[in-house]
Amino acid sequence: MGNFSKAKIFIWGSCCSRDIFNLNNNLFELKGYIFQKPPITLNSPPLFENSVSPEDLTVLDSNFNRRMTAMEINKGAVDYFCLQNNAEYLLVDFADLRFDFFEIKRENGSVCRILNTFNNECVLN
(Lines give C-alpha, C1' and ligand atoms only; values in the text may rest on other atoms or scores of the structure.)
Protein backbone atom coordinates (compact mmCIF):
# COMPACT_ATOMS: atom_id res chain seq x y z
CA MET A 1 0.00 0.00 0.00
CA GLY A 2 3.05 2.26 0.12
CA ASN A 3 4.49 4.52 2.74
CA PHE A 4 2.11 6.96 4.32
CA SER A 5 1.73 8.54 7.70
CA LYS A 6 -1.42 8.52 9.76
CA ALA A 7 -3.45 11.73 9.70
CA LYS A 8 -3.04 13.46 13.08
CA ILE A 9 -6.43 14.60 14.38
CA PHE A 10 -7.41 16.79 17.35
CA ILE A 11 -11.11 16.69 18.22
CA TRP A 12 -12.99 19.47 19.99
CA GLY A 13 -16.44 18.03 20.33
CA SER A 14 -18.42 14.95 21.11
CA CYS A 15 -17.83 11.25 21.53
CA CYS A 16 -19.66 10.75 18.22
CA SER A 17 -16.73 12.28 16.36
CA ARG A 18 -14.13 10.57 18.53
CA ASP A 19 -15.69 7.16 17.94
CA ILE A 20 -15.53 7.59 14.16
CA PHE A 21 -11.75 7.99 14.34
CA ASN A 22 -11.40 5.01 16.67
CA LEU A 23 -12.86 2.71 14.00
CA ASN A 24 -9.74 2.65 11.84
CA ASN A 25 -6.56 3.21 13.82
CA ASN A 26 -4.46 2.42 10.74
CA LEU A 27 -5.38 5.73 9.11
CA PHE A 28 -5.73 8.20 11.99
CA GLU A 29 -3.89 9.15 15.15
CA LEU A 30 -5.90 11.00 17.79
CA LYS A 31 -3.59 13.68 19.24
CA GLY A 32 -6.05 15.23 21.67
CA TYR A 33 -9.68 15.42 22.62
CA ILE A 34 -11.71 18.13 24.33
CA PHE A 35 -15.18 16.98 25.29
CA GLN A 36 -18.29 19.18 25.58
CA LYS A 37 -16.60 22.54 26.08
CA PRO A 38 -18.96 25.21 24.76
CA PRO A 39 -17.12 27.94 22.86
CA ILE A 40 -19.35 30.60 24.43
CA THR A 41 -17.46 30.25 27.74
CA LEU A 42 -13.88 30.25 26.39
CA ASN A 43 -13.22 33.94 27.06
CA SER A 44 -14.71 33.78 30.52
CA PRO A 45 -12.39 33.97 33.55
CA PRO A 46 -11.96 30.84 35.70
CA LEU A 47 -14.85 30.07 38.00
CA PHE A 48 -12.77 30.25 41.18
CA GLU A 49 -9.73 32.28 42.20
CA ASN A 50 -7.74 29.09 42.90
CA SER A 51 -7.49 26.30 40.35
CA VAL A 52 -9.55 23.18 40.80
CA SER A 53 -7.76 19.91 40.17
CA PRO A 54 -9.45 16.75 38.92
CA GLU A 55 -8.64 15.21 42.30
CA ASP A 56 -10.84 17.86 43.95
CA LEU A 57 -13.88 16.55 42.09
CA THR A 58 -14.12 13.14 43.73
CA VAL A 59 -17.92 13.13 43.54
CA LEU A 60 -17.70 12.61 39.79
CA ASP A 61 -17.77 9.04 38.54
CA SER A 62 -14.65 8.85 36.35
CA ASN A 63 -11.20 10.33 35.87
CA PHE A 64 -12.24 11.53 32.43
CA ASN A 65 -15.28 13.44 33.81
CA ARG A 66 -13.11 14.94 36.55
CA ARG A 67 -10.49 16.13 34.01
CA MET A 68 -13.04 17.62 31.62
CA THR A 69 -14.99 19.34 34.43
CA ALA A 70 -11.80 20.80 35.95
CA MET A 71 -10.87 22.03 32.46
CA GLU A 72 -14.18 23.90 32.17
CA ILE A 73 -14.05 25.33 35.71
CA ASN A 74 -10.45 26.53 35.22
CA LYS A 75 -11.02 27.60 31.60
CA GLY A 76 -8.09 25.45 30.51
CA ALA A 77 -9.38 24.13 27.19
CA VAL A 78 -7.44 26.55 24.99
CA ASP A 79 -4.22 25.97 26.97
CA TYR A 80 -4.69 22.20 26.68
CA PHE A 81 -5.27 22.50 22.95
CA CYS A 82 -2.14 24.62 22.47
CA LEU A 83 0.05 22.34 24.60
CA GLN A 84 -1.19 19.04 23.17
CA ASN A 85 -1.63 20.08 19.61
CA ASN A 86 0.75 18.65 17.10
CA ALA A 87 -2.17 17.62 14.95
CA GLU A 88 -2.57 18.28 11.28
CA TYR A 89 -6.35 18.63 11.48
CA LEU A 90 -8.77 20.10 13.99
CA LEU A 91 -12.26 18.63 13.93
CA VAL A 92 -14.82 20.86 15.64
CA ASP A 93 -18.09 19.16 16.50
CA PHE A 94 -20.71 21.00 18.54
CA ALA A 95 -23.27 18.18 18.51
CA ASP A 96 -23.37 17.96 22.30
CA LEU A 97 -24.38 21.60 22.62
CA ARG A 98 -27.94 20.53 21.92
CA PHE A 99 -28.13 19.01 25.43
CA ASP A 100 -29.08 20.92 28.56
CA PHE A 101 -26.23 22.38 30.55
CA PHE A 102 -25.85 23.31 34.19
CA GLU A 103 -24.76 26.95 34.11
CA ILE A 104 -22.92 28.80 36.86
CA LYS A 105 -22.42 32.58 36.65
CA ARG A 106 -20.12 34.41 39.04
CA GLU A 107 -19.72 38.09 39.90
CA ASN A 108 -16.23 38.04 38.35
CA GLY A 109 -17.84 37.49 34.94
CA SER A 110 -17.13 33.78 34.82
CA VAL A 111 -19.62 31.56 33.05
CA CYS A 112 -19.26 27.82 33.41
CA ARG A 113 -21.46 25.42 31.49
CA ILE A 114 -21.29 21.76 32.37
CA LEU A 115 -23.42 18.96 30.96
CA ASN A 116 -26.28 17.98 33.27
CA THR A 117 -24.57 14.70 34.23
CA PHE A 118 -22.44 16.88 36.52
CA ASN A 119 -25.52 18.53 37.99
CA ASN A 120 -26.95 15.09 38.78
CA GLU A 121 -23.82 14.03 40.65
CA CYS A 122 -22.95 17.02 42.81
CA VAL A 123 -23.57 20.65 43.62
CA LEU A 124 -20.86 23.32 43.69
CA ASN A 125 -20.90 25.75 46.58
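Of the 125 residues in the protein, buried ones make up 35%, where buried stands for under 20% relative accessible area, exposed for over 50% and partly exposed for what falls in between (1.4 Å probe, protein chains only). The model is a predicted one, so to speak of local features takes a pLDDT of at least 70, side-chain atom pairs count only at pLDDT 80 or more, and totals for chains, interfaces and linings use all residues. Residues are numbered from 1 along each chain as its sequence is written, and side-chain values rest on heavy atoms, with hydrogens and water left out.

The secondary structure comes to four helices and five strands, taken as DSSP runs (helices: H or I, at least four residues; strands: E, at least two) and numbered from the N terminus. Read from that end, the elements go β-α-β-α-α-β-β-β-α.

Three of the strands make an open sheet in the order E2-E1-E3, with parallel pairing; two strands pair here if DSSP finds at least two bridges between them. E2 and strand E3 (89-92) sit at the edges with a single partner strand each, so one side of each is left without a neighbour in the sheet. On average, neighbouring strands of this sheet are turned by 20 degrees against each other, direction ignored; the axes behind that angle are lines fitted to C-alpha atoms, for helices over the stretch in contact, and angles run from 0 to 180 degrees between N-to-C directions. Strands of a sheet pair through backbone hydrogen bonds, either parallel or antiparallel.

Strand E1 (residues 7-13) is joined to E2 by seven bridges, the two running parallel. On the E2 side, Leu30 is the bridge partner of Ile9, and Tyr33 stands opposite Ile11. Towards E3, four bridges do the joining, again with parallel strands, and here Phe10 faces Leu90. E1 is mostly covered, with six of its seven residues buried.

What about the aromatic side chains? The whole structure holds six aromatic pairs, a pair being two rings of Phe, Tyr or Trp (its six-membered ring) with centres within 6.5 Å, called stacked when the planes are under 30 degrees apart, edge-to-face when over 60 and tilted for the rest. One of them, Phe10 with Tyr80, is tilted, at 6.2 Å centre to centre and 55 degrees between the planes. That pair links distant parts of the chain, as Phe10 belongs to strand E1 and Tyr80 to helix H3 (residues 77-84), 70 residues apart. Phe10 counts as buried because its relative accessibility is 0%, while Tyr80, at 25%, counts as partly exposed. Phe10 also pairs with Phe81, this time edge-to-face, with 4.8 Å between centres and 85 degrees between planes. With Phe10 in strand E1 and Phe81 in helix H3, this pair ties together parts that are 71 residues apart in sequence. Both Phe10 and Phe81 are buried. Phe10, Trp12, Tyr80 and Phe81 together form one aromatic cluster.

Val92 lies in strand E3 and is partly exposed, with a relative accessible area of 44%.

Salt bridges number two across the whole structure, each defined by a side-chain nitrogen of Lys or Arg within 4 Å of a carboxyl oxygen of Asp or Glu. Glu29 meets Lys31 with the closest N and O atoms 2.9 Å apart, and Glu29 counts as partly exposed because its relative accessibility is 31%. Glu72 and Lys75 make the other bridge (2.9 Å, N to O), and both of these residues are buried.

Finally, a loop residue. Asn43 lies between strand E2 (28-35) and helix H2 (63-74), in the loop, and is exposed, with a relative accessible area of 79%. Asn43 and Ser110 are 67 residues apart in sequence, yet their C-alpha atoms are 8.7 Å apart in space.
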